[in-house]
Amino acid sequence: MSPASTGASTSVGAVPSVPVPDSSGSDTTGSDSRMTPGGPGYRRMSLALFLAGVATFALLYSTQALLPLISGEFGVAASEASWTVAAATGGLALFVLPMSALSERFGRRTVMTASLAVAVAVGLLVPFAPSIGALVVLRGVQGAALAGLPASATAYLAEEVRPKALVTAIGLFVAGNSVGGMSGRVITGWVAQEWGWRVSVGVIGALAVACAVAFRLLLPAPRHFTPGSLRPRILWNTVRGHLSDPLLRRLYAIGALFMTVFGGVYTVIGYRLTAAPFGLPQGIVGSIFLVYLVGTVSASAAGRLVDRFGRRGALYLAGGTTAAGLLLSLAASLPLVLLGLVLITAGFFAGHAVASSAVGKTATHGRAQASALYQSAYYIGSSAGSTVGAVAFRAGGWTGTVGVGLLAVLGVVAITVLGSVAARRTAVNPARGSVRAPAH
């Protein structure tokens, strides 16, 4: 999709100084200075964004494993306590597009640094929330602050890393998300068991401070960023152009649906495991989130899955794995429930890495806005999953939550099938679609 096709200025998110590689991923000019595995700065960049991912997910979901304790202290039901998660992800979803526009003007690294700094500061206030309402408000502000990081990070990678290495690089960032989500929940579970949920979220705030400082010290300065304009008309034209692209729309919907499953499952799982027939203590429930390590592996392997099965094949595999995990989790056996969580986590992170990297490759301009729209859809899915999953749990128990998840997976499969049909039609009659459509 060229800028001309969207009405957007070529200055928005463009990278004219960067040579364009051929379809094999090789550098056709011999002067591509973008980072590649083993090259200068790549390890520092990977570690910096890995730590940023750790801080983002640790902060964003810091209350998720603690919902039963929060419900107990404030005397609220699961559907009300779940708003401490939904407010954070909803705040991120609402502000990710405006923050991405700021990153187009002021730079990816600047916006990511500011976002982490504000989110960390709010995180240190969360333990002192006097009521459930105040806690929800603080979490909403924290999510809004974090909005500057995900889309800017993806845009930074799209500009600074060679296309052939992009899926792997984004997979490492997503792996940082999984480690952050895991460590945050495990740490909060055990700390809360001894000292309560307030101390546990304070510990997460301190962890995020360390990650934020290391991120700023490690991340290489961008070399291929071209400042864009903050004029609303240019921003609107860019957004409209992305939303008019059928491939991008499908990727946004897939991200939202995968996150609906994940948000619902992990918001409610603590209530299920602390109740009969399992009756697990809070520390053990927090340790359940060690299955996030599986997500680290599957996200990092996303590039190999795409190489072997193609993008659509990798999405089918991720959706099937997630569905199998949901069905297994219905069992009354704890080992089977854990195996179900492993499969759900593996499928989700693989699907997310494939879809988000496809957005970075698809957008030829305004990459921050393209990524921001994906992140907005993704976190809207998280908020919807947290809220609807909790409501379904209250109405129908764990079976209700699983039912919501299976419907979302069915949506992923249906959208991917539509992509296959569109690709075949384009192959037969290229005039009917974009030349990029077969890539999906």
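## Tyr374 and Tyr378 in helix H17

Tyr374 and Tyr378 lie four residues apart in helix H17 (residues 367–428), so about one helical turn separates them. Helices here are DSSP runs of H or I with at least four residues, strands are runs of E with at least two, and both are numbered from the N terminus. Both tyrosines are buried, a term that means under 20% relative accessible area, with exposed over 50% and partly exposed in between (1.4 Å probe, protein chains only).

This is a predicted model, in which local features need pLDDT of at least 70 and side-chain atom pairs count only at pLDDT 80 or more, while totals for chains, interfaces and linings use all residues. Residues are numbered from 1 along each chain as its sequence is written, and side-chain values use heavy atoms, with hydrogens and water left out.

Ser383 is also found in helix H17. Ser383 counts as buried because its relative accessibility is 13%. Leaving aside neighbours within four places in sequence, Ser383 is in contact (heavy atoms within 4.5 Å) with Ala86, Thr89 and Gly90.

## Aromatic pairs

The structure holds 11 aromatic pairs. Rings of Phe, Tyr and Trp (its six-membered ring) pair if their centres lie within 6.5 Å; planes under 30 degrees apart count as stacked, over 60 as edge-to-face and the rest as tilted. For Phe348 and Phe349 the ring centres are 4.8 Å apart and the planes are at 70 degrees, so this pair is edge-to-face. Phe348 and Phe349 are both buried. Tyr374 and Tyr378 form a stacked pair, at 5.9 Å centre to centre with 20 degrees between the planes.

One aromatic cluster is formed by Phe262, Tyr266, Phe289, Phe348, Phe349, Tyr374, Tyr378 and Tyr379.

## Nonpolar core

The largest nonpolar core has 122 residues. Such a core is a set of buried Ala, Val, Leu, Ile, Met, Phe, Trp, Tyr and Cys residues joined through side-chain atoms within 4.5 Å. Helix H12 (residues 246–274) gives the largest share of this core, 16 residues. The residues with the most contacts inside the core are Met45, Leu49, Leu157, Tyr266 and Tyr379.

Apart from neighbours within four places in sequence, Leu49 is in contact with Met112, Ala153, Tyr156, Leu157, Phe173, Phe215 and Leu219.

## The whole chain

The protein chain has 17 helices and zero strands. Of its 440 residues, 59% are buried. Among contacts in the chain with a separation of 6 or more, 83% are between residues 24 or more positions apart.
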